[in-house]
Amino acid sequence: MFSRRRVLVGGLLAGGLAVGYGAGMLGGVLPGGTRLRRELGLTGPDGVVPDVPAATVGAQVRYSAARGRTVNLVTMVPVSADHTRLPVFLVLHGRSSSAQEMVGLGLPRFLTAAVAAGAKPFALVAVDGGDSYWVARGADDPQAMVRNELPGWLDELGLARPSAVLGISMGCFGALVLARNEPLAAVALISPALFENWPDAAARNAFADETTWVASEPLRHVADLPPSLPIGIWCGEEDPFYPAARRFAEQAHPAVAAFESGEHSEGYWRRVMPSVLGFLGARA
């Protein structure tokens, strides 16, 4: 049996929600914040992987001198496409992820769907980058791997040098560092993990020191990006990185800035992936 107190609390909460919705009470002000919005179904639906045949997936293992270890190299190519003629887009994974997990995210099927929807065929390539936000930490330098070693590995497979980059979470950090040093046709950012100050960055225990972070933090180097570079950014409003993503968009003036309800999750990434690949495909 429900207690009188539970009934009263439930009634007050329901009444408060009804009255306070328009006043923004569900925007994180009520106790629970993002958790409450999730329970009420207000962080948006999870995306689903398209029910279409997967692109052809290839898996290679390469030794990276820049990283001092072997890494997995994953290629995704539209079925029946001549891979030697395709533009190649690099996918930089998030922290605690890997190149192979980009397959698990559904990218091979999203790629098929993007081409079926009218995008010019292109290939996707992912490689293991560790957890250092795609910048050097000690003798492990994933940024050097991407710039100096990956093009040669792709050439061995008959694939072109990457001409655009898709970053997810931590991968966005690396994508924007790469964009300052390499000519790119476009950069797509999903849930960008950027930091507005050193204490927030230091809490990740990913950077060698503050000097390394200052030299690489995209929010501190927006002016160093090519002014004509097409950038697309997608970030959920319940994402802890949302304030930093907004700040980046205000400074960088991206071609696409999509902010809507959503969390820092695979469900959100799958939801926006068709738009992201459409953005990149238009620049293939």
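Okay, let's start with some rings: Tyr 133, Phe 173, Phe 195, Phe 207 and Phe 241 form one aromatic cluster. Rings of Phe, Tyr and Trp (for Trp, the six-membered ring) pair if their centres lie within 6.5 Å, and planes under 30 degrees apart count as stacked, over 60 as edge-to-face and the rest as tilted.

Before I go on, a word on where this comes from. This is a predicted model, where local features need pLDDT of at least 70 and side-chain atom pairs count only at pLDDT 80 or more, while totals for chains, interfaces and linings use all residues. Residues are numbered from 1 along each chain as its sequence is written, and side-chain values use heavy atoms, with hydrogens and water left out.

Now the overall picture. The protein has 10 helices and eight strands; helices (H or I, at least four residues) and strands (E, at least two) are DSSP runs, numbered from the N terminus. Of its 284 residues, 50% count as buried. Buried means under 20% relative accessible area, exposed means over 50%, and partly exposed is in between, using a 1.4 Å probe and protein chains only. As for contacts, meaning heavy atoms within 4.5 Å, take those in the protein with a separation of 6 or more: residues 24 or more positions apart account for 70% of them.

Back to the rings. How many aromatic pairs does the structure hold? There are 10 aromatic pairs. One of them is Phe 173 with Phe 207, which is tilted, at 5.4 Å centre to centre and 45° between the planes. Phe 173 sits in helix H6 (residues 170–179) and Phe 207 in the loop between helix H7 (198–202) and helix H8 (210–216), so this pair links distant parts of the chain, 34 residues apart. Both Phe 173 and Phe 207 are buried.

Then there's Trp 198 and Trp 213, another tilted pair, with 5.9 Å centre to centre and 40° between the planes. Trp 198 is in helix H7 and Trp 213 in helix H8, so the pair ties together parts that are 15 residues apart in sequence. Trp 198 is partly exposed, with a relative accessible area of 21%, whereas Trp 213 is at 0% and counts as buried.

On to helices. Two packed helices are described by the angle between their axes and the distance between the axes. Axes here are lines fitted to C-alpha atoms, for helices over the stretch in contact, and angles run from 0 to 180 degrees between N-to-C directions.

Take helix H4 (residues 107–116) and helix H10 (residues 266–281): they pack at an angle of about 45°, with their axes 10 Å apart. H4 and H10 are therefore oblique to each other; angles under 35 degrees count as roughly parallel, over 145 as roughly antiparallel, 65 to 115 as roughly perpendicular and the rest as oblique. H4 passes H10 in a right-handed crossing. A crossing is right-handed if the near helix is turned clockwise from the far one by less than a right angle, and left-handed if anticlockwise.

Who touches whom? H4 brings Leu 107, Phe 110, Leu 111 and Ala 114 to the contact, and H10 brings Arg 270, Met 273, Pro 274 and Leu 277. By class, that's seven nonpolar, no polar and one charged residues. Nonpolar means Ala, Val, Leu, Ile, Met, Phe, Trp, Tyr, Cys and Pro, charged means Asp, Glu, Lys and Arg, and the others, Gly among them, are polar.

What else covers the buried residues of H4? The cover includes strand S1 (56–64), strand S2 (69–77), strand S3 (88–92), helix H3 (99–104) and strand S4 (123–127), along with H10. Among the buried residues of H4 are Pro 108 and Thr 112.

Gln 143, Val 146 and Arg 147 of H5 meet Gly 174, Val 177 and Leu 178 of H6.

Last stop, backbone angles. Most residues other than glycine have a negative phi. Trp 134, though, has a positive phi of about 60°. Is Trp 134 buried or exposed? Trp 134 is buried, with a relative accessible area of 0%, and it's found in the loop between S4 and H5. Asn 205 also has a positive phi, near 50°. Asn 205 lies in the loop between H7 and H8 and is exposed, with a relative accessible area of 53%.
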